Amino acid sequence: MNIETRSVFRSRNICGIKVRSTDRHDLGHIRELAIDMQRGQIAYAVLAFGGWFRFKSKLIAVPWDEFTLVHDETERYLLLDASAEVLKELPKLDGAQWPQTVNLEWRGQRRTAGRGEQDMAESFHHGPQAA
């Protein structure tokens, strides 16, 4: 496994890319990217989690800086340090109202200091709704 060193990618190469947990379990794929126009950067990615062959997936907003782009001999994918159990507990996005910001405080809380996966799921909060 190699960490990707390029810093600029086309959005069409990110949308649809697989997302895996650190133990290499498939978590889903990136459905869309939400852009923070004031900062000129990706605010969060919309992860299509679960479902069957990309149908009936749960859409979850994940801060962009939670992902690491990696590649191995055969493919590129995004690595996310979260289990399927944590993602199941997170709120899904409303199809019409997406948040302006996402405050996800799971960094540093991964099974440390007695905090379990349920605590990590409870620390997920959406900011104000997008228009």
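The report below starts with the whole chain and then visits a few places within it.

**The chain as a whole**

Please keep in mind that this is a predicted model. The chain has 131 residues, and 38% of them count as buried. Its secondary structure comes to three helices and nine strands. Read from the N terminus on, these elements follow the order β-α-β-β-β-β-β-β-α-β-α-β. Among the contacts with a separation of 6 or more, 52% are between residues 24 or more positions apart.

**How confident is the prediction?**

The average pLDDT of the chain is 75, and 69% of the residues score at least 70. Which elements have the highest and the lowest mean pLDDT? Strand β2 (residues 18–21) has the highest, at 94, while helix α3 (residues 117–122) has the lowest, at 46. Over residues 104–125 the pLDDT is below 50, although this stretch still has 44 contacts in the model beyond near neighbours in sequence. Where pLDDT is low, the predicted coordinates should not be read in detail.

**Strands β4 and β5**

Let us turn to a pair of neighbouring strands. β4 and β5 run antiparallel and are joined by six bridges.

Strand β5 (residues 58–63) is largely enclosed by the rest of the structure, because six of its six residues are buried. Both of its faces are covered: one side carries Lys58, Ile60 and Val62, the other Leu59, Ala61 and Pro63, and all of these are buried.

Phe49 belongs to strand β4, which spans residues 41–49. Is Phe49 buried or exposed? Its relative accessibility is 10%, so Phe49 counts as buried, the cut-off for buried being under 20%. Leaving aside neighbours within four places in sequence, Phe49 is in contact with Leu27, Ser57, Lys58, Ile60, Ala84, Leu87 and Lys88. Phe49 and Gly28 are 21 residues apart along the chain, yet their C-alpha atoms are separated by 4.6 Å.

**Asp36 in strand β3**

Asp36 is part of strand β3 (residues 26–36). With a relative accessibility of 19%, Asp36 counts as buried. A polar atom of the Asp36 side chain lies 3.0 Å from the backbone nitrogen of Arg39. Beyond its neighbours within four places in sequence, Asp36 is in contact with Gln41 and Ala43.

**Aromatic rings**

How many aromatic pairs does a search of the whole structure find? The search finds one. The pair is made by Trp64 and Phe67, and it is tilted, with 5.7 Å centre to centre and 45° between the planes. Trp64 is partly exposed, with a relative accessible area of 24%, whereas Phe67 is buried at 10%. Another ring worth a visit is that of Tyr77: Arg20 lies over its face, at 4.7 Å from the ring centre.

**Accessibility side by side**

The table gathers the values for individual residues mentioned above.

| Residue | Relative accessible area | Class |
|---|---|---|
| Phe49 | 10% | buried |
| Asp36 | 19% | buried |
| Trp64 | 24% | partly exposed |
| Phe67 | 10% | buried |

Definitions and conventions: Residues are numbered from 1 along each chain as its sequence is written. This is a predicted model: local features need pLDDT of at least 70, side-chain atom pairs count only at pLDDT 80 or more; totals for chains, interfaces and linings use all residues. Side-chain values use heavy atoms; hydrogens and water are left out. Helices (H or I, at least four residues) and strands (E, at least two) are DSSP runs, numbered from the N terminus. Buried means under 20% relative accessible area, exposed over 50%, partly exposed in between (1.4 Å probe, protein chains only). Contact means heavy atoms within 4.5 Å. pLDDT is the predictor's confidence in each residue, from 0 to 100. A polar contact is a pair of N or O atoms within 3.5 Å; within protein, one must be able to donate a hydrogen and the other to accept it, and residues adjacent in sequence count only if both atoms are side-chain atoms. Rings of Phe, Tyr and Trp (its six-membered ring) pair if their centres lie within 6.5 Å; planes under 30 degrees apart count as stacked, over 60 as edge-to-face and the rest as tilted. A charge sits over a ring if NZ of Lys or CZ of Arg is within 6 Å of the ring centre and within 35 degrees of the ring normal. Two strands pair if DSSP finds at least two bridges between them.
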